[in-house]
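Have the viewer open and follow along.

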Amino acid sequence: MSSKLVLSSVLLLTCVACYYNSLNCGFVFDDISAIKDNRDLRPHMPLKNIFYNDFWGTPIHKEQSHKSYRPLCVLTFRWNYAVHQLEPMGYHLVNIILHSIVCLMYYRMCSMFLPEVSSFVAAMLFAVHPIHTEAVTGVVGRAETLSSVFFLAAFILYTKATRRKRVTGWRPLLLSMLCVLTAMLCKEQGITITGICAVYELIVAQKLRLSDLHCLLRSALGGKGSFHPAWTSDVTKRLTVLAVATVCLLMIRLQIMGSRLPVFTRFDNPASVAPPPSRQLSYNYLISVNLWLLFFPCDLCCDWTMGTVPLVSSFLDPRNLATLISYAALLLLMYTAVVTDNRQQATLIIMSLAFLILPFLPASNLFFPVGFVVAERILYIPSMGLCMLVAYGWTQLAHKRCKKLAWLLLGVMLLVHGCKTYSRNLDWENEYTIFMAGLKVNQRNAKLFNNVGHALEGQGRFDEALDYFQKAVRVQEDDIGAHINVGRTYNHLKMFKEAEDAYLKAKSLLPKAKPGESYQARIAPNHLNVFLNLANLIARNETRLEEADLLYRQAISMRADYTQAYINRGDILLKLNRTKEAQEVYERALFYDSNNPDIYYNLGVVFLEQGKASQALAYLDKALEFDPEHEQALLNSAILLQELGRAELRKVARERLLKLLRKDATNERVHFNLGMLAMDDRDIAGAEHWFRRAVQLKDDFRSALFNLALLLADDHRPLEAAPFLNQLVRFHPDHIKGLILLGDIYINNIKDLDAAENCYKRILQLDPENIQGLHNLCVVYVERGNLLRAEACLLRAHQLAPSEDYVLRHLNIVQTRIHKMQLRPHDLIGEEEEELEVQDTLNSQETLLAHLTEPKVPNRDLIEDDHRLNNHQQDSEDSSSPYKFDKTSSVADPMRSRHNARHRTGDSALTSAQLDTSGHEDPVSAHQHVLSGQPASKRDRLTARNQLNSHSTS
């Protein structure tokens, strides 16, 4: 077995040992936006979308896109999703594999400039360096590792193309350019490998010295000197290919971006909006910060934005000394490469500096502002240059009779770095651990306090979350997102006055319009969420709906493509019964976001409000076309299909409900509607199974309890039905139909007249003119033999409902018996024989028994609290059941979208408002709407109920 194979195996084992514990980590920070909330990963989305959208799934042409174009990296996420959906372990496993491949390729690349053992040392240092944890353990760091694979492949292939000095290897050269393109499509900095290849061509392949390059440059510019390099036309061709490829790729990249840079806030990169010379001094100081992290990766942090690195405000700031030392060190290395007579040393230093500096330049802020101050992940490739330099220094130390000391220092460094990497992986376990780890080293970043608050909020620890949000406000008083977070948490704590005050404070911090200046261009889109949050809070009070509508209109006036504001405004208009306007608002939203399934869903609800079921179903199906997993569209379209009453459509409805059940087996509404479908198919056993499951999942499920009891009663099992009815009236004492059915069972089966009388009296308390309750109370009096009281009761029933024939018939029967028995008014209770005689007489009349009718119900109205669709009354002579199944599938909740307003760090741009995922019902609701079964309630709209933070986790 060759030594190279052994060393490669050790390198692989080292990578696995350092990072295997990252397999237990979840999705944190930017992973949420790039993986969990990115619809481009879903199999139902067209594959071409990844080439039109940015890394986070936002169309690249939109202003809120931060222009990170990495379609091949997104493609690998999509493959991960196809295999194991949102199971984090698979994503982390791929990252470890990619890091291992990069280490092996780096080992191969280092062997071009260093001895084999030194190359192995450089590769080991690279494998265990703690600065890489963000790139390897963070799932979105795959952009770095995947780009690095093709980055190194492009370089290795280019070196093959230059092996023969006078002949170009065109095949490896073209493959190298293809790898450059691939690297750039994984991460933007991949294009910098062309610069490194050019340095290699001149310094290594052509063996030029830096002094020769100076003469060559002067000669090329037409100045003094006539330096003529001894190279062939093939060298010129290769350099031309590099230059043309670079220019073409840059042009393509600019075209994809729409020839405009993304816009970032001062919170993302404070130096970008600082005046000179503070901006330039701060940017140059950041170079020393990055070098410090490479040499001493002890204090690592996932987020370096906002106030983490205070601005260098003047030339007298002592931190300028660090900047000078950094530049001096780099210049000293370059000077050494110029003056040294050791060719290998000069080559090693120059190539190391090329790997260290060139890939870092796009993220340095020196040429254009980026969306972060410092980002550890972007040091993944630059660290290759540092590791080469350290390995070369170690080699020199080992050769100067300090071999034992050199190996000892190397062992200690590898052990310390390996342990740091292993422990740092544990910080990435979940959002709470990663942000708390950040706060241990950084107390000046309000975003970290906000994100710890979000993590606590997700666990329902609202008091603790509020404390962290308020700390964020104290750290950065003008942080609009922090005030929004405070308001949202007050909402959770039911402190609505304090919530409104917090939102008003956030609103007051918005920048004010200036004459002749576009307001839309001056405000962060996610800060507009304050209008949505405040409007959602105000809309709790139905007398302030117009005020809420005004806030939505203000948000839209500031940003015409703010689709969340359109969605919420449509909800308000529906509450105001202005359905036509709501339709127009949703259609306007489609103009800006024609691929948004929530808008199609809401349009479906609008058409339901207008009584246009076919159009409603078409829009619900359209929502499913864009998002086959859309839970509300699946559920409500299934109900609509069921209501159409056709067997083939019921099959489609059942498939959609079963699909929902596979997604969430604990959704009681799905079980309920499957039970309703079973009833339509006359599958009594199946219906009973689904209703029982619904009740097990939600013991106060009004409709499931009633329908299950009615099913059991109709199946001649009234004693089994009684416990469910008692459970129903315990949770819902105003359920009149349940009380009627329970009283019927008490009379006819349990023979408990007192309990039956209590049921009917309760009904009359709720509705004094309820004919069924009053009539059945009359029956109780008859059962007791109290015919005079029964007569008075029936007379009142007849007065209330003179058109009800069965009441008149029953009254005549009772009066006939009274006349036969010649009862006097004071004979309230007859003898026992008289009771039996009256009871026999009444039992001979089927129409007097307690199988009584329901009030009329609308025919096939989805929003009524009934299942069967008869619109006639059934009296006791009807052989069918007198009760109707309750059609409601849940108590209707107001609605909120599930994208998390996550403010991205790193290379993120301003993003539009994302949606809150807190999952609580105040004053906004969980994203759980169905076609409501509550009487007089509207079908629920999907509203963008933002309770957002512009600096939340992502």
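Asparagine 577 counts as exposed because its relative accessibility is 56%, and exposed means over 50% relative accessible area, buried under 20% and partly exposed in between (1.4 Å probe, protein chains only). This is a predicted model, where local features need pLDDT of at least 70, side-chain atom pairs count only at pLDDT 80 or more, and totals for chains, interfaces and linings use all residues. Residues are numbered from 1 along each chain as its sequence is written, and side-chain values use heavy atoms, with hydrogens and water left out.

Asparagine 577 sits in the loop between helix H24 (563-575) and helix H25 (579-592); helices are DSSP runs (H or I, at least four residues), strands are E runs of at least two, and numbering goes from the N terminus. Its phi is positive, about 60°, although it is not a glycine. Phenylalanine 29 is another non-glycine with a positive phi, and its loop runs between H1 and helix H2 (30-36).

| Residue | Phi | Relative accessibility |
|---|---|---|
| Asparagine 577 | about 60° | 56%, exposed |
| Phenylalanine 29 | about 55° | 2%, buried |

Lysine 207, which follows H9, also has a positive phi, near 55°. Within H9 (residues 193-205), the buried residues include Ile193, Cys197 and Tyr200.

For omega, look at proline 276 and proline 277: a cis peptide bond joins them, at about -5°. Proline 277 is in the loop between helix H11 (233-257) and helix H12 (278-295).

Zooming out, the chain has 39 helices and zero strands, and 58% of its 954 residues count as buried.
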